[in-house]
Amino acid sequence: MDINKLVKPNIRSLRAYQAEEVPCKVKLDANESPYGTTVLKSIETNKYPDPEAKALRKLFARDCKVKAENVLHGNGSDELISCLITTFGGPVLYPVPTFSMYGIIAQAQGEKKIEVPLDKHFDIDLGKMLPLIKSRNPKLIFLSSPNNPTGNCYSSDRIIKIIKQSKGLVIVDEAYQAFSGKNEFLPLLKKYRNLVVLRTLSKVGMAALRTGFMIAGKEVVDEVNKVRLPFNVNSLSQKVAVDTLQKKAQLRSGIRSIISERKKTMKEMIKMDRVGPYPSDANFIFFKVDGAGSIFKKLLSKGVLVRNMTGAVENCLRVTIGTPKENAFFLKSLKQVL
Ligand code: PMP
């Protein structure tokens, strides 16, 4: 696979913005102010952030058992989806229902999108997908696994068949990987040069930081890096992310609690008449319920906001797993409105 040939010609000839950090005594090259705010003592608010987010990328790369050159940082993984589409263009193919930003960004950038329905178990429908990959030759295929909003991981063997068949890049978006415990695609990066993995800190307690990562071969990282805005992840986010990633125990205990609460909530929902929760590998439960639109409104009138997904799948809602107290309140309210 020649990654260079996959890149849009206008990007191929582009050079990345040069914002290296040159060691010096007095830094007077970037039109910064010498006066910052002292509200955040550990951060030099008057200086631009590290454009390469070196400390953060190094730490994240170590956790992923890859090199820092294989990691690119984004202002959330949303931004990396956008950068990928800017770099390679379309057609952009993805199964539906799925995370809506793949389609929104592709369309906003004037690229063709190809939407392929999932099968009845919300898994990839190879019978539909493989012929389309052959005939339409998409530059990018986005696979959210675990999938938002359905909550399940796609079968690994189906994803691998798609990676093998595709002449473009296959992006496995693992935004919810922490809750699935499955870690099958990072180790495959060395084997498949057209595989890209997306991760984010948003679902594990750091959504406010807007920090996501793309993990891929160096040649893909270098091309996408050309379209990344130089200071896309701010200093505050870089610092808090580094400090939090160093405190693994705290992160892990939050994840463990969400997984155990998901199991408990699921058990209770299964017992309810008219409610059909789907298996979940994520931090939410997708469920079918008769009269979903009206249940949604009634839950809200009790103060519980879930996501109304009836536009994507008829009579379906999505509930995020919260604290034990929040989940108990949701379950109690759902029982009442039923
Ligand atoms: N991918 C998927 C599948 C998501 O559900 C989300 C958030 N809803 C994102 C990516 C974007 O995450 P962020 O931009 O916060 O990193």
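Predicted model: local features only at pLDDT ≥ 70, side-chain atom pairs only at ≥ 80, totals over all residues.
View 1. The space in the second largest pocket amounts to about 610 Å³.

**View 2. Residues that line the second largest pocket.** Of the 31 residues that line the second largest pocket, Phe99, Asn148, Tyr176, Lys203 and Arg318 lie nearest its centre. At least two lining residues are supplied by each of α4 (77-88), β2 (92-96), α5 (101-108) and β11 (316-320). Sorted by class, the lining of the second largest pocket holds 13 nonpolar, 11 polar and seven charged residues.

**View 3. The largest pocket and its place between the domains.** The largest pocket, with a volume of about 920 Å³, likewise has a lining to which both domain 1 (3-34 + 249-337) and domain 2 (54-247) give residues, so it lies between them.

**View 4. Residues and elements around the largest pocket.** The lining of the largest pocket comprises 34 residues, and those that lie nearest its centre are Phe60, Asp63, Cys64, Leu186 and Arg199. The elements that give two or more residues to this lining are α3 (54-64), β6 (195-200), α8 (218-225) and α10 (248-271), and the largest share, four residues, comes from α10. By class, 16 residues of the lining of the largest pocket are nonpolar, six are polar and 12 are charged.

Note on methods:
Residues numbered from 1 in each chain as written. Heavy atoms only, no water. 1 Å grid on protein atoms, 1.4 Å probe; cavity = no way out; pocket = protein on both sides within 12 Å on 5 of 7 lines; lining within 4 Å. Points joined across faces, edges and corners; volume = space filled by probe spheres on them. Nonpolar A, V, L, I, M, F, W, Y, C, P; charged D, E, K, R; others polar. Domains from an automatic or database assignment.
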